[in-house]
Amino acid sequence: MQRIDNGDESIDFDDDVYTTTSLIAKSAINKHNNISLIKSEIPKTQIFNLVGAVGLEDLVAFWLYSKYGYVVIPSTNKISTELYEFVMVDARGRTGKKIYLQTKNGKVDLYTSDYKHLLRDGVNDEVWLVSRGGAIDGDNTLHFVKLTHETVERHNLNELISFIFSKENEAILPPLVQVWLDKFDWK
């Protein structure tokens, strides 16, 4: 539990301070409470602490699908591709471009220079990097970017939060995200 809780934001609940993980553990251990009945009000940013690393990569993939029509090539999600989670393609057009995704849900720094070699000449390839707790290129305010040959385009994690909590996206949210939406009163 200590390892899981490390670095979580604190939540004031019942005159005590918890992390999201410890609040769930408290509820699960207490025989009079059922985890599905936890209805404390917590910040929407806490959703990232609950979904884990796999949930975050699924979430970003679904966001990219919803926003740009990018789809995952399932065979690219292999242990041997440690530099990125998987490759996506543009399903709305026959551009031939590849979209690479790397997500980190902990305090892991990412550097765009480590990914530039994935961008092929003459093709509008993209690399999307998300480091929720870490920095990108040493910038502690930068956690979500799109890298192309020409630019490093800044994005905000609030784009993902808005996607999660939008009623119109409920049906396409990954299960590791959906399961948490009704567990708390999100503020």
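# Briefing: cores, aromatic pairs and strand pairing

Leucine 59 touches Phe48, Leu160, Phe163, Ile164, Leu173, Pro174 and Val177, with residues up to four places away in sequence left out of the list; contact here means heavy atoms within 4.5 Å. The structure is a predicted model, in which local features need pLDDT of at least 70 and side-chain atom pairs count only at pLDDT 80 or more, while totals for chains, interfaces and linings use all residues. Residues are numbered from 1 along each chain as its sequence is written, and side-chain values use heavy atoms, with hydrogens and water left out.

**Overall architecture**

- The protein chain contains five helices and 10 strands; these are DSSP runs numbered from the N terminus, helices being H or I with at least four residues and strands E with at least two.
- Of its 187 residues, 44% count as buried, where buried means under 20% relative accessible area, exposed over 50% and partly exposed in between (1.4 Å probe, protein chains only).
- Among contacts between residues at least 6 apart in sequence, 54% join residues at least 24 apart.

**Nonpolar cores**

- The largest nonpolar core has 29 residues, of which Phe48, Leu59, Leu64, Trp128 and Leu160 touch the most other members. Such a core is a set of buried Ala, Val, Leu, Ile, Met, Phe, Trp, Tyr and Cys residues joined through side-chain atoms within 4.5 Å.
- At least two residues of this core come from each of α3, β5, β6, β7, α4 (157-165) and α5 (175-181).
- Helix α3 gives the most to this core, namely 10 residues.
- Another core, of 13 residues, lies apart from the largest one and has Tyr115, Leu129, Ile136 and Leu142 among its members.

**Aromatic pairs**

- Eight aromatic pairs are present in the structure. Rings of Phe, Tyr and Trp (its six-membered ring) pair if their centres lie within 6.5 Å; planes under 30 degrees apart count as stacked, over 60 as edge-to-face and the rest as tilted.
- Tyrosine 68 and tryptophan 128 form a tilted pair, at 5.7 Å centre to centre and with 45° between the planes.
- This pair links distant parts of the chain, since tyrosine 68 lies in helix α3 (residues 47-68) and tryptophan 128 in strand β7 (residues 126-131), 60 residues apart.
- Tyrosine 68 is partly exposed, at a relative accessible area of 22%, whereas tryptophan 128 is buried, at 0%.
- Tyrosine 84 and tyrosine 100 have ring centres 5.0 Å apart and planes at 65°, so their pair is edge-to-face.
- That pair also links distant parts of the chain: tyrosine 84 is in the loop between β4 (70-72) and β5 (86-90), and tyrosine 100 is in strand β6 (residues 98-104), 16 residues apart.
- Tyrosine 84 counts as buried at 17% relative accessibility, and tyrosine 100 counts as buried at 8%.
- A cluster of Trp63, Tyr68, Tyr70, Trp128 and Phe144 is linked by ring pairs.

**Polar and charged side chains**

- Lysine 44 lies over the face of phenylalanine 165, 4.9 Å from the ring centre. The criterion is that NZ of Lys or CZ of Arg is within 6 Å of the ring centre and within 35 degrees of the ring normal.
- Asparagine 49, in helix α3, counts as buried at 14% relative accessibility.
- The side chain of asparagine 49 makes a polar contact with the side chain of arginine 132 at 2.6 Å. A polar contact is a pair of N or O atoms within 3.5 Å; within protein, one must be able to donate a hydrogen and the other to accept it, and residues adjacent in sequence count only if both atoms are side-chain atoms.

**Strand β8 and its partners**

- Strand β8 (residues 144-147) is covered on both faces: Phe144 and Lys146 on one side, and Val145 and Leu147 on the other, are all buried.
- Strands β7 and β8 run antiparallel and are joined by four bridges; two strands pair if DSSP finds at least two bridges between them.
- Valine 127 has leucine 147 in β8 as its bridge partner.
- Strand β8 also runs antiparallel to strand β9 (residues 152-154), with three bridges joining them.
- Lysine 146 stands opposite glutamate 153 in β9, and a hairpin of four residues joins β8 to β9.

**Loop residues**

- Aspartate 137, in the loop between β7 and β8, has a positive phi of about 55° although it is not a glycine.
- Aspartate 137 counts as partly exposed at 35% relative accessibility.
- Threonine 19 lies in the loop between β2 (16-18) and α2 (20-29) and counts as buried at 14% relative accessibility.
- The C-alpha atoms of threonine 19 and glutamine 46 are separated by 9.0 Å, the two residues being 27 residues apart along the chain.
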